[in-house]
Amino acid sequence: MTEHEPAAAVRETAEAIATMEVRGAATIASAAAEALAEQARAAAASGRTASDPAAFRASMRAAARTLRETRPTAVSLPNALRYVLQRMEGESVDRLRRSVVDASEAFVRQLDRAREDLGRVGANRLADGDTVMTHCHSTDALACIETAVEQGKSISAVVKETRPRQQGHITAEQLRDAGVPVTLIVDSAARRYLDEVDHVVVGADSIAADGGVINKIGTSGLAVNARERGVPIMTAAQTIKLHPETLTGHTVEIEMRDEAEVIDAEAREAIGEIDVENPAFDVTPPRYMDAIVTEQGQFPPESIVTLMRDLFGEGAAEPWAEP
Ligand SMILES: O=C(COP(=O)(O)O)[C@H](O)[C@H](O)COP(=O)(O)O
C-alpha cells in the first residue's frame, strides 16, 4: 500500500460494491464502514501513514473517496463514510486509528439496532393472516415481516422477481427460511396479484427531503398500482437512508447500469441497432407512499423533512474531500 493507494481491503470492498456482490443500501453502508476500519489498521501499520497523523488522515479521506465512487444512489454509503470520518480524532496515529475503528464498530452496531427497532414498528402495521407483496431485496423491509412472524402472526408473501438482477430470489429464500409461504411472480404480474395482498412493503436507497422514495426500479409503478387498488404501501428505511443534500435542493443521482444486465450479447446482435437503457432505481412521489417506517417511528412521507433537519441540520459535510 502506498500513501495514496487505499488498503487492499478497501479496494476489494469497493470492487464488491461496484459489481453488486455486496448490495442493498444497509449492507453497502456497513461494508464501507468496516472497510474504513481496515484502512485505519493498515495505515497505522505501514509507511509514512504509520508515523505522520496528517498522512494518516489523508489516507483515510482517499479510502473514503474510493468507496464513495462505487455506486451513486444509496445515500447510506456517504452517510456511513461521514459518520466514521467525522469521529476521527486524536493527535497521534494510534489515537486516530482507535477513533476510526471505534466509530466503525459503533456505526455497524447502530445499523443492526435500527433495523431491529424499525422491524417492530413495521410489524405493528401487519396483522395476523396478512399477505404482503415485496419488491427487490431489502433487509429493512424483511425486518418488518420477520418481526411480525416472530410475534406469532401468520404472514404470507407475494414476491416480485425484480428484473434485471432478480433480487426477489434472495427475498423469496429468506422469507421461506423464516417460515413464510412465498409465491414468486414476474414483475409485470404485480397488478394482478395486488388484489390478493394486504400490504406492499419495500425498502429505500435514499429518501428525499420532500418525502420522495428512491428505491429499486419498478417501485414507483408498483406504488401507483397499489394506490389504484387501495393497497397500503410502506417504505421500511432506517434514518441513514435520509439524503441530507436534498435539504439544499440537490437531486438524487439515479444509477444507470450496464445494458448487459438487460440483454445478452447474442440477443443484442440478433436485434441490431437499438438503444438499451438500464436505470437501477426510480423515485416514488410522496403522495403514493402511505408511510415511511424508521427506527424512530413511522412518518407520513411529507413530514420526513422535520426528522431530516433534526438529524442532519441544513446540509451535508464532505469530510472525505481533499483539503
Ligand atoms: O433497492 C434496493 C437494492 O438495490 P440493489 O440490489 O441495486 O443494491 C433495496 O430495496 C434498498 O437498497 C434497501 O435495502 P436495505 O433495506 O437492505 O438497505
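**Cavities, pocket and packing**

Modeller: The largest cavity is lined by 22 residues, and nearest its centre lie Arg-23, Gly-24, Ala-25, His-137 and Asp-205. Bear in mind that this is a predicted model.

Colleague: What makes the space of about 200 Å³ a cavity?

Modeller: A 1.4 Å probe fits there but cannot get out, so the term is cavity. The volume is about 200 Å³. The search of the whole structure counts cavities of 30 Å³ or more, and it finds three.

Colleague: Which helix gives the most to that lining?

Modeller: H2, with four residues. Helix H6 (139-150) and strand E6 (213-216) each supply at least two. By class, the lining has seven nonpolar, nine polar and six charged residues.

Colleague: What is the volume of the second largest cavity?

Modeller: About 50 Å³. Its lining divides into five nonpolar, one polar and six charged residues. Arg-71, Arg-163 and Glu-261 are among them.

Colleague: And the largest pocket: which residues are closest to its centre?

Modeller: Tyr-83, Gln-110, Thr-239, Ile-240 and Phe-312, out of 16 lining residues. About 330 Å³ of space lies in this pocket. Helices H4, H5 and H11 each supply at least two residues of its lining.

Colleague: How do H4 and H5 pack?

Modeller: At an angle of about 140°, with their axes 8 Å apart.

Colleague: Why is H4 called oblique to H5?

Modeller: Roughly antiparallel needs an angle over 145 degrees, and roughly perpendicular runs from 65 to 115. The angle is about 140°, so H4 is oblique to H5. Their contact has seven nonpolar, two polar and no charged residues. Tyr-83 in H4 and Gln-110 in H5 are among the contact residues.

Terms used
Residues are numbered from 1 along each chain as its sequence is written. This is a predicted model: local features need pLDDT of at least 70, side-chain atom pairs count only at pLDDT 80 or more; totals for chains, interfaces and linings use all residues. Side-chain values use heavy atoms; hydrogens and water are left out. On a 1 Å grid over the protein atoms alone, a cavity is a set of points where a 1.4 Å probe fits but cannot get out, and a pocket is an open set with protein on both sides within 12 Å along at least five of seven lines; lining residues have an atom within 4 Å of a point. Grid points are joined across faces, edges and corners, and a volume is the space filled by probe spheres set on the points. Axes are lines fitted to C-alpha atoms, for helices over the stretch in contact, and angles run from 0 to 180 degrees between N-to-C directions. Angles under 35 degrees count as roughly parallel, over 145 as roughly antiparallel, 65 to 115 as roughly perpendicular and the rest as oblique. Contact means heavy atoms within 4.5 Å. Ala, Val, Leu, Ile, Met, Phe, Trp, Tyr, Cys and Pro count as nonpolar, Asp, Glu, Lys and Arg as charged, and the others, Gly among them, as polar.
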